[in-house]
Amino acid sequence: DSEWLLLDTIHQIDGLERLIVIGVGLDSIIETEREESPRSDSGQGEGGVLETRSMLYRAMTRAHLMFVVVNEFLRGGWLEFLGSVRLRQDEAFTSEAALQKCETQAVEGVVKARIMEALTKLSQENESELTTEVLNLLSTDVAQRHEAGQEESEAAKVVFSQWLYELSCAETALRTGLSEVTWFAVSPKRFQELTLPLAVRLHRGEIVQLAQAVSEVVKSEGRKQIEKDSKD
């Protein structure tokens with residue numbers, strides 16, 4: 001039998017399979033699709049986005065041995081990430097190592113989800129909302145303690161208690177620093193916005209002397225107030 005090449009559309013090849021499949025024209029700009037897609041009941045245009053993902057999946061699952069997709073190098077497209085994929089030259093690829101890596105990443109994802117859930121629950125119980133930055137920061141610390149042998153729930157409690165202490169220290173120090181300034185004041189919302197970065201830096205061990213760090217924050221806030229007054 002001579003070799004032959006079949007040209008067809010995704011819709012026509014549904015239900016059929018080939019040894020090798022080459023996908024052409026299966027890339028598109030994601031945001032453009034969202035804008036052009038029909039609106040769903042939730043108000044989000046996802047029809048076109050789902051259509052492109054569907055065609056990619058259907059094309060890949062038509063192949064027995066190998067699937068090749070033509071990258072059109074569209075900025076913001078589904079295949080844009082392929083431009084950053086590089087094979088390592090210092091080690092050979094093995095399916096066993098790749099599978100083990102995928103399994104490890106899957107386990108890490110499950111553990112991280114449990115840790116974040118535990119921290120979120122603690123924050124709700126203590127009525128202390130955690131931003132995404134803080135949640136990720138504390139999750140990393142809990143994961144490190146867990147890897148060292150500590151139970152997830154216990155590690156979460158220790159890390160969260162430490163965070164509450166650091167947040168309290170930052171709030172007290174900042175309140176003291178602002179009380180020594182009489183020519184400007186900050187709103188409660190602004191006070192919280194100034195406190196959070198201090199607590200994060202304190203947690204990361206970036207602050208040696210809290211009073212000095214607070215003094216720099218107060219001076220910076222004072223300069224901003226002067227600039228604002230001058231514009232008014």
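Is T195 buried or exposed?

**View 1. T195 sits in helix α7.** T195 is buried, because its relative accessibility is 0%. (Buried means under 20% relative accessible area and exposed over 50%, with partly exposed in between, using a 1.4 Å probe and protein chains only.) T195 touches L167, A170, E171 and L174, leaving out residues up to four places away in sequence. (Contact means heavy atoms within 4.5 Å. Helices are DSSP runs of H or I with at least four residues, numbered from the N terminus.)

**View 2. The largest nonpolar core has 33 residues.** (Such a core is a set of buried Ala, Val, Leu, Ile, Met, Phe, Trp, Tyr and Cys residues joined through side-chain atoms within 4.5 Å.) L119, L130, L138, W163, L174 and L198 have the most contacts inside this core. At least two residues come from each of α4 (95-125), α5 (132-147), α6 (152-179), α7 (188-204) and α8 (210-231). The most come from α6, which gives ten. Beyond four places in sequence, L198 is in contact with A170, L174, I207, A213, V214 and V217.

**View 3. L138 lies in helix α5.** L138 counts as buried because its relative accessibility is 0%. Apart from residues up to four places away in sequence, L138 touches L119, L130, V159, F160, W163 and H203. V69 is 69 residues from L138 along the chain, and their C-alpha atoms are 40 Å apart.

**View 4. Helices α5 and α6 cross at roughly 135°.** Their axes come within 9 Å. (Axes are lines fitted to C-alpha atoms, for helices over the stretch in contact; angles run from 0 to 180 degrees between N-to-C directions.) The two helices are therefore oblique to each other. (Under 35 degrees is roughly parallel, over 145 roughly antiparallel, 65 to 115 roughly perpendicular, and the rest oblique.) From α5, residues including V134, L138 and D141 meet residues of α6, among them E152, V159 and W163.

**View 5. Confidence is lowest in helix α2 (residues 30-36), at a mean pLDDT of 67.** (pLDDT is the predictor's confidence in each residue, from 0 to 100.) Confidence is highest in α6, at 94. The chain mean is 85, and 92% of residues reach 70 or more. Over residues 40-45, pLDDT stays under 50. Where pLDDT is low, the predicted coordinates should not be read in detail.

**Notes.** Residues are numbered from 1 along each chain as its sequence is written, and side-chain values use heavy atoms, without hydrogens or water. Local features need pLDDT of at least 70 and side-chain atom pairs 80 or more, while totals for chains, interfaces and linings use all residues.
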